[in-house]
Amino acid sequence: MKNILLTVPHSKCLGKKDHICDYLAEKAAKSLHSKLEFSILILSDVNRTFIDYNRKKSKNTKWRENIRKIILSKNIDFLIDVHSFPPSSESFGFFKKDNETYSSLPEIVLLDSYYDEKFLDRSTSIEFNKYLLKNNIKSKLIVGGDNDITLDGRRLNIKSILIEYNESLTSQRLDYINNIIIKYIIKLSS
Ligand SMILES: [Zn+2]
């Protein structure tokens, strides 16, 4: 089995209604963690209003340094950066442009970075997206964002993906999706 690192940079909520944290990310990551014996889970300790750990500018914070230390010292093979998005057509400018409606929103968005040309290899996200679609999960790969945690993983030669869960997923559906994700990880290591 692979050694998996699960990072949740926007898990720290302040209890308000606006989207200043990822409401479903912690639950989704804890579910993955409980299903993956050799996984390490790192939740955020600060709300993103104060520090957005997923950005380049937070690269030298203790939290980010710790992630790089874990990747190097724990023999990590695969990094999953876990996020969630609110179920509205405003999520990701992408949807408005394509004139998509609420009901057509994906269950899962895989967000890949557009910057840092040296580390733009998106093959893991592309393959993972295909796998989810094949298993009847409404997944969409979107390129955009300053996803510096997954880029850090790639800089250290670790397969790294960023998963955004739709926050309107039921517990049952979340469980189904996570079981498929686990299957994929097991497939990778076999
Ligand atoms: Zn997030």
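This is a predicted model: local features need pLDDT of at least 70, side-chain atom pairs count only at pLDDT 80 or more; totals for chains, interfaces and linings use all residues.
S11 sits in the loop that links β1 to α1. Is S11 buried or exposed? S11 counts as buried because 27 other C-beta atoms lie within 10 Å, and the cut-off for a buried residue is 20 or more. Now show the residues that S11 touches, leaving out those up to four places away in sequence: C21, D22, A25, E26, L43 and S44.

Next, colour the protein chain by secondary structure. There are six helices and six strands, and along the sequence they follow the pattern β-α-β-α-β-α-β-α-β-α-β-α. Of the 190 residues in the protein chain, 39% are buried. Among contacts between residues at least 6 apart in sequence, 77% join residues that are at least 24 apart.

Keep V82 on screen and move to the core. In soluble globular proteins, nonpolar side chains tend to be buried together. Here the largest nonpolar core holds 35 residues, and L6, I80, V82, L110 and I163 have the most contacts inside it. Select the elements that each give two or more residues to this core: the strands β1 (4–8), β3 (78–85), β4 (108–112) and β6 (159–166), and the helices α1 (25–35), α2 (62–73), α4 (123–134) and α6 (171–189). Which element gives the largest share of this core? That element is β3, with five residues.

Centre on I163. Apart from neighbours within four places in sequence, I163 is in contact with I80, V82, H83, I108 and L110.

Now select α4, residues 123–134. This helix has 12 residues and spans 17 Å from its first C-alpha to its last, close to the 16 Å expected at 1.5 Å a residue. Which residues of α4 are buried? They are T124, S125, F128, N129 and L132. Look down the axis of α4: the buried residues fall within an arc of 130 degrees, so they line one face of the helix. An α-helix has 3.6 residues a turn, so residues three or four places apart point the same way.

Step just past the end of α4 to N136, where phi is positive, at about 60 degrees.

Go to N75, in the loop between α2 and β3. N75 is not a glycine, but its phi is positive, at about 60 degrees. N75 counts as exposed because it has 10 C-beta neighbours inside 10 Å, and the cut-off for an exposed residue is 12 or fewer.

Where is N157? Look in the loop between α5 (148–155) and β6. N157 is also a residue other than glycine with a positive phi, near 65 degrees. With 9 C-beta neighbours inside 10 Å, N157 is classed as exposed.

Terms used. Residues are numbered from 1 along each chain as its sequence is written. A nonpolar core is a set of buried Ala, Val, Leu, Ile, Met, Phe, Trp, Tyr and Cys residues joined through C-beta atoms within 7 Å. Helices (H or I, at least four residues) and strands (E, at least two) are DSSP runs, numbered from the N terminus. Two residues are in contact if their C-beta atoms, placed from the backbone, lie within 7 Å. The expected span of a helix is 1.5 Å times one less than its number of residues. The arc is that of the directions from the helix axis to the C-beta atoms.
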